[in-house]
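Take a walk through this structure, one stop at a time. Keep the sequence and the 3D view side by side as you read.

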Amino acid sequence: MGPTGSDAREIAAQDLERELAKLFGRARSLSLTIAARVHPGLDSAAYALLVHLSGITPVRAADVVGLTGLDKSTVSRQLARLAELGLVERVADPSDGRARLVQLTETGTARLAEVRADRRAQLRATLGGWSTGDIEAFSRLLGKLNGDL
């Protein structure tokens with residue numbers, strides 16, 4: 001008979017911590033690979049911001065700070081790098097001509113769409129042996145974890 005009560009919970013938490021560490025390490029490595037496919041000069045942090053922007057642009061840079069939880073200097077630096085690489089651009093805000101919005105360029109949109117399609121195909125292949133119920137359960141629990149973090 002195995003551990004029970006608080007001992008079992010502690011072992012489960014340690015197992016989860018170990019598996020999350022592996023997942024995060026693999027995710028970092030994958031992000032670097034994918035970022036380089038979008039543009040050779042793109043790092044994983046700027047890639048993550050590019051992915052985030054793809055769902056919310058056009059948007060004011062100040063709003064990106066609030067939406068991502070990143071500090072203003074980090075967002076500013078990453079947006080400058082993305083613009084330098086031709087992946088985002090600043091455009092006039094139609095509701096306030098003095099303000100500028102950030103949006104993906106056509107190149108940024110196309111490159112991101114291409115690598116995300118490849119990534120989704122790889123994920124489907126990886127999960128090929130999983131049941132739909134397992135995928136749904138994992139997604140639900142991962143969403144719960146993200147919500148609690």
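Asp71 sits in the loop between helix 3 and helix 4. The model is a predicted one. Is Asp71 buried, exposed or something in between? Its relative accessible area is 43%, so Asp71 is partly exposed. Now look back along the chain to Pro58. Asp71 and Pro58 are 13 residues apart in sequence. In space, their C-alpha atoms are 19 Å apart.

Helix 3 covers residues 61-68, and Leu67 is part of it. Leu67 has a relative accessible area of 48%. Exposed residues must be over 50%, so Leu67 counts as partly exposed. Which residues does Leu67 touch, if we skip those up to four places away in sequence? They are His52, Ile56 and Val59.

Next comes helix 4. Gln78 belongs to this helix. Its relative accessible area is 12%. The limit for buried is under 20%, so Gln78 is buried. What does Gln78 meet there, apart from its neighbours within four places in sequence? Its contacts are Ala45, Ala46, Leu49 and Leu70.

Now bring in helix 2. How do helix 2 and helix 4 lie relative to each other? Their axes come within 10 Å and cross at roughly 85°. Angles from 65 to 115 degrees count as roughly perpendicular, so that is the label for helix 2 and helix 4. From helix 2, the contact uses Ala45, Ala46, Leu49, Leu50 and Leu53. From helix 4, it uses Val75, Gln78, Leu79 and Leu82. Sort these residues by class. The contact of helix 2 with helix 4 has 8 nonpolar residues, 1 polar residue and no charged ones.

Helix 5 is our next stop. Ala117 lies in it. With 35% relative accessibility, Ala117 counts as partly exposed. Look from Ala117 to Asp134, 17 residues apart along the chain. Their C-alpha atoms are separated by 22 Å.

Finish with the aromatic rings. How many aromatic pairs are there? The count comes to 1. Trp130 and Phe138 form the pair, with ring centres 5.8 Å apart. Are the rings stacked or edge-to-face? Their planes stand at 75°, and over 60 degrees counts as edge-to-face, so this pair is edge-to-face. Check the surroundings too. Trp130 is partly exposed, with a relative accessible area of 39%. Phe138 is also partly exposed, at 43% relative accessibility.

How values were computed
Residues are numbered from 1 along each chain as its sequence is written. This is a predicted model: local features need pLDDT of at least 70, side-chain atom pairs count only at pLDDT 80 or more; totals for chains, interfaces and linings use all residues. Side-chain values use heavy atoms; hydrogens and water are left out. Helices (H or I, at least four residues) and strands (E, at least two) are DSSP runs, numbered from the N terminus. Buried means under 20% relative accessible area, exposed over 50%, partly exposed in between (1.4 Å probe, protein chains only). Contact means heavy atoms within 4.5 Å. Axes are lines fitted to C-alpha atoms, for helices over the stretch in contact, and angles run from 0 to 180 degrees between N-to-C directions. Angles under 35 degrees count as roughly parallel, over 145 as roughly antiparallel, 65 to 115 as roughly perpendicular and the rest as oblique. Ala, Val, Leu, Ile, Met, Phe, Trp, Tyr, Cys and Pro count as nonpolar, Asp, Glu, Lys and Arg as charged, and the others, Gly among them, as polar. Rings of Phe, Tyr and Trp (its six-membered ring) pair if their centres lie within 6.5 Å; planes under 30 degrees apart count as stacked, over 60 as edge-to-face and the rest as tilted.
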